[in-house]
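Dear colleague,

I am passing on the structure we spoke about, and below it I have set out what came out of going through it. Please read the notes with the model open beside them.

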Amino acid sequence: MSDVLHKLPEFFGNHLALAALFLVLLLGLIGTQLLMLLRKYKELTPAGLTLLINREGPLLIDLSAYADYEKAHVPGSRHVAMSQFDPEHKDIAKAKDVPVVLIDKDGRGASEKAAQRLVKAGFAKVYTLGGGVLGWQGAQLPVAKGKNPG
């Protein structure tokens with residue numbers, strides 16, 4: 001191990017581009033992890049969501065396209081189009097003190113934007129489902145099909 005550490009400065013001196021790339025990637029990774037730790041909402045795994053459902057009965061909001069929601073969604077979730085998502089809506093606003101879990105098709109984008117809006121509106125317990133409905137299905141958990149329960 002100490003032999004590798006002694007050769008490291010020589011390697012970096014001979015390969016400046018690789019050393020710079022390594023440094024940029026390392027700083028990017030550290031920055032991303034810090035941002036994840038400092039944000040006011042948490043990302044849940046499918047197992048973590050199952051635990052939260054069983055313990056605290058969260059409000060589950062699915063922001064997927066309606067056609068995707070009808071094909072498959074987390075049981076108990078209610079569909080809300082992202083274009084109509086409003087933290088001040090009466091059904092959402094009354095859930096300020098209970099956990100709110102935002103779900104989208106693949107866990108990229110819509111749920112994070114909605115989570116930021118909820119945090120800004122004063123919601124205390126905000127979560128997103130990592131991987132979205134596809135992650136839920138990938139964990140071989142049951143899905144519901146069809147329209148909003150109601």
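In helix 3 (residues 46-56), the buried residues are Pro-46, Leu-49 and Leu-52, where buried means under 20% relative accessible area, exposed over 50% and partly exposed in between (1.4 Å probe, protein chains only), and where helices (H or I, at least four residues) and strands (E, at least two) are DSSP runs numbered from the N terminus. These residues lie on the same side of helix 3 because they cover an arc of only 115° around the axis, the arc being that of the directions from the helix axis to the C-beta atoms. The model is a predicted one, in which local features need pLDDT of at least 70, side-chain atom pairs count only at pLDDT 80 or more, and totals for chains, interfaces and linings use all residues. Residues are numbered from 1 along each chain as its sequence is written, and side-chain values use heavy atoms, with hydrogens and water left out.

The buried residues of helix 3 pack against strand 1 (42-44), strand 2 (59-62), strand 4 (100-103), strand 5 (126-129) and helix 7 (132-138), contact meaning heavy atoms within 4.5 Å. On the face turned away from the buried side, helix 3 carries the exposed residues Ala-47, Asn-54 and Arg-55. After helix 3 comes Gly-57, with a positive phi near 55°.

**Salt bridges**

Four salt bridges are found in a search of the whole structure, each defined as a side-chain nitrogen of Lys or Arg within 4 Å of a carboxyl oxygen of Asp or Glu. One of them joins Lys-125 to Glu-56, with the closest N and O atoms 3.7 Å apart; this pair links distant parts of the chain, since Lys-125 is in the loop between helix 6 (110-120) and strand 5 and Glu-56 is in helix 3, 69 residues apart. Glu-56 is partly exposed at 40% relative accessibility, and Lys-125 is also partly exposed, with a relative accessible area of 34%.

Another salt bridge is formed by Lys-105 and Asp-68, whose closest N and O atoms are 3.9 Å apart. Lys-105 lies in the loop between strand 4 and helix 6, and Asp-68 in helix 4 (residues 66-71), so the pair ties together parts that are 37 residues apart in sequence. Lys-94 and Asp-91 also meet through their side chains in a salt bridge (3.9 Å, N to O); Lys-94 counts as exposed at 68% relative accessibility, whereas Asp-91, at 41%, counts as partly exposed.
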